[in-house]
Amino acid sequence: MKVELKDIYKHFGPVPANDGVTLSVESGTLHGLLGENGAGKSTLMKVLSGFLSPDRGKILIDGIPVRFFSPAQAVVLGIGMLHQDPLDFPALTVMDNFLLGDPSRFRLDRQRARSNLLELSAQLDFKLDPNAWVSNLSIGERQQLEIVRLLWMGVSLLILDEPTTAISSQQKDKLFAALHKLTDQKKTILFVSHKLEEVKELCGKVTVLAHGKVTGECKMPCPTEKLVEMMFGQIITVGKRSALPLDNSVLDLSHLTLNDWRLEVKDLSLQIRAGEVIGLAGLEGSGQHLVLKASAGLIRPKAGHIRINHTDMTGRPYHQFLEAGVTYMAAGRLEEGLIAGMTLTEHFALMERHPPFWVNWALAEEIAAQHIQEFKIRGQPTTTVEELSGGNQQRTLLSLLPPHSKILLMEHPTRGLDLESTEYIWEIFLNRAREGTAILFISSELDELLDRSHRILVFFGGRVRVLETPQVNGIRLGESIGGKGFES
Amino acid sequence: MGSGWVSPSEAKVLNHRVIRSDTRAMEWFLRSSAILVALALSAVILLIVGASPWDAFALIFSGSFGSSAKLAYVMTAWAPMLLCSAGLVVTFAAGLWNIGIEGQVVMGAVFATGVMQALQNSLPPNAVLLLAASAGFLGGALWGMFAGGLKLYGNVNEIFGGLGLNFIAGSMTVYLVLGPWKRPGIGSTSGTEPFSPSLWLPAFKGFQVSPIEVLIGLVAIVLMAVVLRGTYLGLQLKAIGRNQRSAFLMGIPIGRRMLFAFALCGGLAGLAGWVLVVGTSARHNLFPLISSGYGFLAILIVLLANLSALWSVPISFFFAAVVMGSLQLALQRQLDSSLGGVIQGLLVLSILMMQGLRSRLLPSKKR
Amino acid sequence: MDLSILIASVLAASPPILFAVLGETITEKAGVINLSLDGSILLTAMIGFVVALKTNNIIAGFIAGMMTGAFVALIIAFVSLTLHQPQVATGFVLTLLCRDLAYVLGNPYAHVPGPLVPHTPIPGFMDLPVIGPILFDQNPVVYLSLFAIIAVWAYLFKTQPGLKLQGLGERPAAAFVRGVYVTRMRYVYTLIGGALVGLGGASFSLMVKPGWARPYGIEGTGWIALAIVIFGGWHPIRAAIGAYFFVSLQTAVNLFQSVLPNVPTQLFPALPFPLMILTLLLVTIGNTEWMNRFLSLFPEKTQRLLARTLKTLQTSPPASLGTIFKKE
């Protein structure tokens, strides 16, 4: 089934997520879609799979323009998507997951479905136990189930969204083998990923997206540098780091093992000194958030120790980390940082470290006004935070940081800010670093990582590589994020 | 149960996104139409049972304001509602549904009665009353913390925990009234031996209401309004109610603050229980169902007041008037006095619907 | 006492709670909480009785009860699914409102004798030893209640739409992808659940506790039904067991009253409620973090045994219970 996207345009707010994307996928091929986070891949796939309707543009199947308005309708037309977190039902069995949504009959025929399930799985060399609870399956197995199900529903174009993020390498090999089998059967596969190496290994042709537009297409084999350039654009590096940091270890992670439902960071050991700025790179879900949260005391490590200023803080509650001088700033501005419905003044009042009984509103408002000026927040002390624009919310979050922290842990601190604001903010951070604050920040901007950090930790599937910034350039960093150097 | 429940304060934020000076008029319009709709529906109900709406409304009005004696009655019902509303404003601010408030009122009454029975012959009356009030506060606060503890450590949703505790409190009352505290000789559910008039709250001559009970209620409301607006405790509670996760990340101790809210609300409810035992229109004893549903009514009041402490004052007065006035319906017209409850329920339901309509129909503005 | 007669009487008294519990299980399985049960049971009981009285037709009474229950459920569905107001608030207000409405509208009909569901034993079967009197010497409503348990179970676990219902409450996003119209189905199941609650209410006034009075005497049953739904783990069979257990408790309590004359009679009806909290505690406490840490203090074998017992008791609600579904 040949699928064409013509001039797809979709926006949420002023900046378009997809800005006139044209893409053509030939029948029976393995087509890769490469791009950084925020490039527009997920929006495009949501459009193609029926979750979203494009503002403009057309979709053609085998030359015929089609319109569909829901994922279920897309499946009927033969387009099915495997999500990064498969949309299945953990509380039900494999068999029931397979069956749910099959329009053919009213009464459930579990016998017939069972044989279909086992047959299809065997064809692709998957091993699925129909009676198992999906909550007990690994992500790889859940993917296999979903692929088998979509095939049974008659899907001819299978979209895979970052499928290898959380699966083992054995499962990955199985998946790739299955995908090749499917193309032999004349199914079309669209492989969406940020992992350069895998896309190179698997696909016959690659389309690269950046900033909502198609920046290029490439037939395999295609040199990595070309792909990196299409993904990240030109990278200019100008070192703007603080002077060589002081010597004392402020944060000491030793043999840290962390896990969540998706992946595991194993045996990470790292020492961070006062005044050091460490950038955490890697695409979403590679483990950097886990490390940051663990350093803040929000998650307990499965193994290993965390020491702050030589005090063992492993397993201690969050508020003790706060008292030890750790400051954590999450990425979700309104979900995990600001409180919708409260004004700026109220937020500043809440940040009072040792509050008296009575709130001094006049003082709080003054402080708020000061910070508004200092951080150039476009708002009044009486403005509620949800009324602010995204960029101003970010500035507010930064202005709420306590003045003297030993360790600053930040997720995407300059996301959504323009250049001027970013410069200004980093001035403030550099000042803190000079005073001895250690800074760990997650960012997806390569130049920010290269410019500001003394060292960069690159995360890929739970594994970590440490890069010293004087010895790294944009290409190397991009490759590393894409997975190069992690094979072992 | 799932944490995906929209807490009342979150709903308030969702609804208040659109507040601007230019939509204030729209607000007032929607509120008034909600009230009118509720009254119209009440009229329909009255017609169904064959009564005249005008007659019924007039009767309720005269039943509450017709004479100074009736007005005094209204004010005695007002007092416990004020106390309960004051407490609920705090728990609602923290995003909690303190359905257990009825049980907290009852436990307050139980503790107060216990202290009074123990000390009535050994201490001067004023001292006994004071100690009983403290005991009432303590009893309610403990019962409130019980519900909070069930939630925090047992994962039992505060609605069901509170409900179960309500029933337990009720059962305890029955047991006490028919068992250890029973009237000598008779022992019935009409209650314990009534206290002597020296232990009643003094009332005005000719106007049968004690200034103390009303004053306590009003003071409680003002205090809670002050706590919520002027203290760090209040600010932190509001933060918890609006966004528990962000509040936690800011370092606010969620568990301790929630327990505090439960204790404070329970304490005020317990104080209401004390008023119900020693107040002017009380029977001056402990009997089952002493809480008379005032706790639940207070939930309705605070919902109607949009969680505002100050607005609870007039609204609770109105509710008290309706409660007292509708007693006349049963006495004079063969109508069930629950009509008052119908009016109150319809009011809250209409307001809820109007709030929903407003937030769905009016677009939210952003800078 | 003859055991089979005892069991038969439990069965005869169970339909109201059974229908309410089954109905609410369906509603909550779809992700909606109908907190108004205590009030709507009263209201539907009253209306069922009055309609049956006035039309001299029992079936009309039951239908009226069902329609009332569905209407109350419709209000909750509308205010929460379309107007996005908190379900708990609406449910709570409706609890009080329905109760008060029942008292006001039912006032003229208190203590009025009315129609009763006739006793219809099934000839032939009723003489079977042991199960005869239990299962076949009852009235149509009891037969219907037994059928309802099986029907709900079969629907949920044996049909495609029932499977979709399970998915709907668990993960609406995934159900949506599979072609389920989330909001629409939530409306439908809330209404069906409400109708079943209405059926339960009417079963009170036309069968178990004939007539109407103020107070009616079953106040508080709706809250118990809600707790049984939780205790039943949102599974129709387990919930039915919970309902039968509760009714047995009530029956046992009535028996003990005559045996223990010293304890005040008013205490007994209230006994199930503290038990309710305890059971709720049991079924949710295993999910807490501190419990997990507490368990890890025990040696490996005991730990596993304890964990397994806790796990079988534990219930967790349909993951999307009470939340609003947004497509993006």
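**A walk through chains A and B**

Chain A has 488 residues, for which a compact globule would have a radius of gyration near 23 Å; its own value is 25 Å, which agrees. That radius is taken over C-alpha atoms, and the globule rule is 2.2 Å times the number of residues to the power 0.38. You are looking at a predicted model, where local features need pLDDT of at least 70, side-chain atom pairs count only at pLDDT 80 or more, and totals for chains, interfaces and linings use all residues. For your selections, residues are numbered from 1 along each chain as its sequence is written, while chains are lettered from A and ligands numbered from 1 in the order in which they are written.

**Stop 1: all of chain A**

Select chain A and color it by secondary structure: it has 16 helices and 20 strands (DSSP runs numbered from the N terminus, H or I of at least four residues for helices, E of at least two for strands). Along the principal axes, its C-alpha atoms fill a box of roughly 70 × 50 × 45 Å. Of its residues, 46% count as buried, meaning that 20 or more other C-beta atoms, placed from the backbone, lie within 10 Å of the residue's own.

**Stop 2: the six-stranded sheet**

Now show β16-β17-β18-β13-β19-β20 of chain A, an open sheet of six strands in that order with mixed pairing; strands pair if DSSP finds at least two bridges between them. β16 (326-329) and β20 (463-468) of chain A are at the edges with a single partner strand each, so one side of each lacks a neighbour in the sheet. Direction ignored, neighbouring strands are turned by 15° against each other on average.

Which residues of β13(A) point each way? Select 277-281 of chain A: V277(A), G279(A) and A281(A) point one way, I278(A) and L280(A) the other, and all are buried. β13(A) pairs with β18(A) in the parallel sense over four bridges, and L280(A) has I442(A) as its bridge partner there. Four bridges also join β13(A) to the parallel strand β19 (455-460) of chain A, where L280(A) stands opposite L457(A).

Next, pick β17 (407-411) and β18 (438-442) of chain A, which pair in the parallel sense over five bridges. Here L408(A) has I439(A) as its bridge partner.

**Stop 3: an enclosed helix**

Select α13 (390-399) of chain A. Eight of its ten residues are buried, so the helix is largely enclosed by the rest of the structure. The buried ones include R395(A), L397(A) and L398(A).

**Stop 4: where the chains meet**

Show both chains: the contact takes 23 residues from chain A and 17 from chain B, with residues in contact if their C-beta atoms, placed from the backbone, lie within 7 Å. On the chain B side, α9 (232-242) and α10 (244-249) each supply at least two residues.

**Stop 5: a helix pair in chain B**

Finish with α4 (68-93) and α11 (254-278) of chain B, whose axes come within 8 Å and cross at roughly 175°; axes are lines fitted to C-alpha atoms over the stretch in contact, with angles from 0 to 180 degrees between N-to-C directions. That makes α4(B) roughly antiparallel to α11(B), the word for angles over 145 degrees. Among the contact residues are L83(B) and L88(B) of α4(B), and F262(B) and L268(B) of α11(B).

Notes
A residue is buried if 20 or more other C-beta atoms lie within 10 Å of its own, exposed if 12 or fewer, and partly exposed in between; C-beta atoms are placed from the backbone. Two residues are in contact if their C-beta atoms, placed from the backbone, lie within 7 Å. Angles under 35 degrees count as roughly parallel, over 145 as roughly antiparallel, 65 to 115 as roughly perpendicular and the rest as oblique.
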